[in-house]
Amino acid sequence: MELAYIPSPSTGVIHLGPLPLRGYAFCIIIGVFVAVWYGGRRWIDRGGKAGTVADIAVWAVPFGLVGGRLYHVITDYELYFKSGEDWVDAFKIWQGGLGIWGAIAFGAVGAWIGCRRRGIPLPAWADALAPAIAFAQAIGRWGNWFNQELYGKKTDLPWALKISAGPNREAGLYHPTFLYESLWCVLVALLVIWADRRFKLGHGRAFALYVASYCVGRAWIEYMRVDDAHHILGVRLNDWTAGIIFVLAVVYIVVSSKIRPGREEIVEPAAADGVTSGDPKDTDSKDADSKDTEPKDGAPKEAGSKADEPEDAGPKDDEGDDGKAKPAGATTLKKT
């Protein structure tokens, strides 16, 4: 008896006239905006300039979308190139199908290009974006809910996901793996935020922590899924990928902490130069303050004061030619 379950949307698209509004696309777009906004805040807190994250995202996001789609199409090529399938569907990204592994890898290439153009170290930028990317994934996973895809095994739990009958799917109650991964990504983001504050992670270690912790959750969530996938030695391909990347991320954290301990002091030279040089008005005010704080002996002398008169190179009035003090009232005769 079905006492409780999570319903699926009857449709994943709403047509506004001739314009289709797809839930999957909206989830991806909202996730990107959240990542840029929150990543920008973290970048500024690290000493960077406002707008830098958005400028680099212009490179990272398109590369990430292309990489994510390529990974999906390559690993599930039979969905598009098998006999009876239309290969044009490989370009219909709005129908779902983005591999996070390809998105992160290609997105990193785009970010590297953007960072080089701005003279910024990629590891520092990645550290600032790490929890923001996890939050973006948490939001983006709800796109699978709209498309009724990537669910888990059948279950009668109260939070089971109800799937309707459709192409390549059977109606029933399944584990909502999209929800599991969404919640896991939120926990990953909170973990990275805490660890970054606690241990001052730098040189890409915050990003590596995000990668490693995400892989742990992805491995057990992937194991629950029932959609078709390639297997190697009886294990799903994405489980192998998660395991390998987890090991590489942990090795990077250990080796990097020994080679380059601590955190970068300057993450964006342009921002640091701005702080050093300052605004001209700030410079004037500093000069004025420095004058006010000069010792009295060095204070500006008033015009007409005795202090303005040049010192007499000759003997003082109170001394004779021989340097001895004269009696009071004595007159000094000039030599001719």
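Predicted model: local features only at pLDDT ≥ 70, side-chain atom pairs only at ≥ 80, totals over all residues.
**Aromatic pairs, core and surface patch**

Good morning. Phe 135 has a relative accessible area of 21% and is therefore partly exposed.

Let us turn to the aromatic rings. How many aromatic pairs are there? The count comes to 13. Among them is the pair of Tyr 38 and Phe 135, which is edge-to-face. The ring centres are 5.9 Å apart, and the planes stand at 75 degrees to each other. Tyr 38 belongs to helix H1, residues 23-45, whereas Phe 135 belongs to helix H5, residues 122-140, so the pair ties together parts that lie 97 residues apart in sequence. In general, a pair of aromatic rings is described by two values, the distance of the centres and the angle of the planes.

Ring pairs also build a cluster, and this cluster links Trp 101, Phe 207, Tyr 210 and Tyr 214.

Which residues have the most contacts inside the largest nonpolar core? They are Trp 101, Val 192, Tyr 210 and Tyr 214, in a core of 20 residues. Two or more residues of this core come from each of these elements: helix H4 (100-118), H5, helix H7 (177-199), helix H8 (205-224) and H9. Of these, H8 gives the most, with 6 residues.

Val 216, Phe 246, Val 247, Val 250, Val 251, Val 254, Val 255 and Ile 259 make a nonpolar patch of about 630 Å². Which helix gives the most to this patch? It is helix H9, residues 237-259, with 7 residues. Val 255 lies in this helix, H9. Its relative accessible area is 40%, so Val 255 is partly exposed.

Finally, I come to the strands. In which sense do strands S1 and S2 pair? Strand S1, residues 13-16, and strand S2, residues 19-22, are antiparallel, and they pair over 4 bridges. Opposite His 15 stands Pro 20 in S2. The hairpin of S1 and S2 has 2 residues between the strands, and in this hairpin Gly 17 takes a positive phi near 70 degrees.

Thank you for your attention.

Terms used:
Residues numbered from 1 in each chain as written. Heavy atoms only, no water. Patch = residues over 30% accessible without salt bridge, like charges linked within 9 Å, V, L, I, M, F, W, Y side chains within 5 Å. Areas by Shrake-Rupley, 256 points an atom, 1.4 Å probe, with all protein chains shown as cover. Salt bridge = Lys/Arg side-chain N within 4 Å of Asp/Glu carboxyl O. Buried < 20%, exposed > 50% of the residue type's maximum accessible area, 1.4 Å probe, protein only. Pairing = 2+ DSSP bridges. Phe/Tyr/Trp six-rings, centres within 6.5 Å; stacked < 30°, edge-to-face > 60°. Core = buried A, V, L, I, M, F, W, Y, C linked by side-chain atoms within 4.5 Å.
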